[in-house]
Amino acid sequence: MSKFVHLFILLCLLSAQSALADGPQDNSVDNVRPVPQVGIEIPEEIKVELQAQLDQLKAKIQELKTPEHKQIHHLIPDVEVFHRAVTQTLQHREMFHERDIKTCTALLETGTERAEALKLGKAPWTRQHGLVVRGFISDLDGSVQPYGLEIADDYDFDNPRPVRCDIWFHGRGERTMEIHFLAQRNRLKGPYPPTSGIVLHPYGRFSNAFKFAGEVDTLEALEHVENNYQIDQDRISVRGFSMGGAACWQFAVHYPDRWFAANPGAGFSETPLFLKSFQGETLNPPWYEEKLWRMYDCDKWADNLLQLPTVAYSGDMDSQKQAADVMEEVLKRHGIDLMHVIGPDTAHKIHPESNQIIRAKFDSLAERGRERFPNSVHLTTFTLKYNRSNWITIHRLKEHWERSTIRANITSKNRLEVATDGITEFSINFPAGHSPFALLEVVKVVIDGQEVSMVKTKSDLSLNEHFHRRGDQWFSGPSESKIPLKKAHNLQGPVDDALMSAFLFVLPTGDNELPNLKEWVDAEMSRAVKEWRRHMRGDVRIKKDTEVTEEDIANYNLILWGTPKTNSLIWKVAKDLPIHWGDNTINVDEKKYSNEEHIPILIYPNPLNPKKYVVLNSSFTYREYDYLNNARQTPKLPDWSIIDITTPPNFRWPGKVIDAGFFNENWELKTNN
């Protein structure tokens, strides 16, 4: 390949675009640069040679998938990550420098070595210390996804004991495609290499601040690590810097009971103030978008850090110190004095002395470990997506996207006091061996000043009790409401939530007598497939409406494209949706919109399987403009909206949104949104 290097370098000099960071230059919706940018054109000879290597590795992978190698099938993703990474960058022009050729070659060599080892029934990388790259099959879309590990020398593969695991969220990298991530994880240690235990480096599906598919990627990667290594469940932490610092804030406030500590550095912690200060952006969001900022605006959830030790870091000269400053101010209002380590004379990096201070604090916190069953639990939420902490689980809210809180205190061996706001159903859950109450004593449960029940610990030292509210009164047990649909955990919307668990795109096959609708559906559907691959780094499952099986309906959220006339699945569920098609109109309660010029986007429990969603005519709702700054990457549409398709889609919207709103807690149209 060396004979082509001089040609490739010349092409790089002539064609490569400079790497741009987000900033005020990225505030024009009419001038949106691509993220990731278009890479350099690769000489044909190099493409042919790389493709030949890919084909050879693919053949080896296919051989490993035969029944005779069944015992190693679970390890094949550790090989496939290399094949998919190079395939993606070659097919979609995602090489940005001549060194990327060598990177691809090296990755294919590693993949080939692993494939040949697996054929012999060996997998030496599964017993490797230091830097290790692994892969797993994502439940979201069935694609293979990578992650990196740093495994300390003291990890004993022969007699493993549970060890600490720190999750490290990487910073923004508009050129960090799979090949670059794998190369980095093969050769670069993180800022806090483990002296003991394991550091997990999730890829997070590129540059989305570990939100949406990136959030799921982290949780799936952690589960894969837990299945393959001995991890101490009470000693898992979240840490990160820059974009990774933003991710850390998010995971800290949304999952406060899962970690022994959090260490966010720089980044952003909320949407509006950061975009005004860092991006210089003038914000004028529609009311529903502003309400949906609450999903990832960590300042609104800050009091959940009552449950989680937190050590923030900022350089004193870093503009992204703003993130911790915002959180520090909010936490003071909740009585929490944030530990904020500040690097002197430091811009956007981790100061060496600060590194040592933080390392010492985390080692001390790891000695303490996570407190799984504290006497006091406080949980704030705006959505049932994030509905639990420790031994409290929230099952119903008074209204989604409004602040809802619960504080439960064990005040003695026979008394539990609970204060709620905006919550109508919850449960307490102490598994066998962990009830804090005396076995022989009756426990009084007092909710919002009302004595609700007398419960007792079971003989296995467990205690599980459910409570619901009717009017102003609390009662024991689940709600006995006969309303068939209720918003629930992972069935609460908005549209983007359907793409945070396994989903299937369903294409229409029927004829449409309205060419403008067909043109819009075809364009948006094609765009959604392309953008899922480009921005979420996966491959959408796709079937025609005539091909969808009962098994598909049971297993997947269905993303349905088209109308009842063109998509047989939409026709089947249409009568059970709150928004209806008439002969010539789309009907939203008393409002009517011409079906020649409008199309609905909505999310709803699937009438064919209410444990899963159906979505009409949308993938994730933020678009190319929002790729330019991770703080913009929030849900843009609520539970339902009506799109005027006579206004062409752009880099922000799928058309003109002329009506939109949220369904109520029973999945009904609200009289006012």
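Q: The expected span of a helix is 1.5 Å times one less than its number of residues. In this predicted model, what span does helix H3 reach, and what is expected at 1.5 Å a residue?
A: H3 runs over residues 77-91 and has 15 residues. From its first C-alpha to its last it reaches 20 Å, close to the expected 21 Å.

Q: Why is H3 called largely enclosed by the rest of the structure?
A: A residue is buried when its relative accessible area is under 20%. In H3, 14 of the 15 residues are buried, so the helix counts as largely enclosed.

Q: What follows H3, and what is its phi?
A: Arg93 follows H3, and its phi is positive, near 55°. Most residues other than glycine have a negative phi.

Q: How do you know how far the coordinates can be trusted, and what is the average pLDDT of the protein?
A: pLDDT is the predictor's confidence, on a scale from 0 to 100. The protein averages 95, and 96% of the residues score at least 70.

Q: Which elements of the protein have the lowest and the highest mean pLDDT?
A: Helix H1 (residues 5-15) has the lowest, at 38. Strand E21 (residues 557-560) has the highest, at 99. Over residues 1-20 the pLDDT is below 50. That stretch still has 37 contacts in the model beyond near neighbours in sequence. Where pLDDT is low, the predicted coordinates should not be read in detail.

Q: What angle do helices H4 and H5 make where they pack, and how far apart are their axes?
A: H4 covers residues 99-119 and H5 covers residues 178-187. They pack at about 70°, with axes 10 Å apart. Angles of 65 to 115 degrees count as roughly perpendicular, so H4 is roughly perpendicular to H5.

Q: Which residues meet between H4 and H5?
A: H4 brings Asp100, Thr103, Cys104 and Leu107. From H5 come Ile179, His180, Leu182, Ala183 and Asn186. The contact of H4 with H5 divides into five nonpolar, three polar and one charged residue.

Q: What makes H7 mostly covered?
A: Of its 12 residues, 12 are buried. Among them are Met243, Trp249, Phe251 and His254. What covers these buried residues includes strands E3 (163-169), E5 (231-241), E6 (261-265) and E7 (311-315). Helices H6 (213-228) and H10 (322-333) are also part of that cover.

Q: What span does H7 reach from its first C-alpha to its last?
A: H7 (residues 243-254) reaches 17 Å, close to the 16 Å expected at 1.5 Å a residue.

Q: Why is Arg205 counted as buried?
A: The cut-off is under 20% relative accessible area. Arg205 is at 0%, so it counts as buried. Arg205 lies in the loop between strand E4 (198-202) and H6. Phi of Arg205 is near 55°, a positive value in a residue other than glycine.

Q: Why is Leu306 called partly exposed?
A: Buried means under 20% and exposed means over 50%, with partly exposed in between. Leu306 has 39%, so it is partly exposed. Its place is the loop between helix H9 (287-292) and E7. Leaving aside neighbours within four places in sequence, Leu306 is in contact with Ile336, His378 and Arg407.

Q: How do you know whether Pro43 is buried or exposed?
A: At a relative accessible area of 7%, Pro43 is buried. Pro43 is found in the loop between H1 and helix H2 (44-64).

Q: What makes the peptide bond from Val35 to Pro36 cis?
A: Its omega is near 0°. Pro36 lies in the loop between H1 and H2. The bond from Gly493 to Pro494 is also cis, with omega near 0°. Pro494 is in the loop between strands E18 (473-476) and E19 (503-507). Most peptide bonds are trans.

Technical notes
Residues are numbered from 1 along each chain as its sequence is written. This is a predicted model: local features need pLDDT of at least 70, side-chain atom pairs count only at pLDDT 80 or more; totals for chains, interfaces and linings use all residues. Side-chain values use heavy atoms; hydrogens and water are left out. Axes are lines fitted to C-alpha atoms, for helices over the stretch in contact, and angles run from 0 to 180 degrees between N-to-C directions. Helices (H or I, at least four residues) and strands (E, at least two) are DSSP runs, numbered from the N terminus. Angles under 35 degrees count as roughly parallel, over 145 as roughly antiparallel, 65 to 115 as roughly perpendicular and the rest as oblique. Contact means heavy atoms within 4.5 Å. Ala, Val, Leu, Ile, Met, Phe, Trp, Tyr, Cys and Pro count as nonpolar, Asp, Glu, Lys and Arg as charged, and the others, Gly among them, as polar. Buried means under 20% relative accessible area, exposed over 50%, partly exposed in between (1.4 Å probe, protein chains only).
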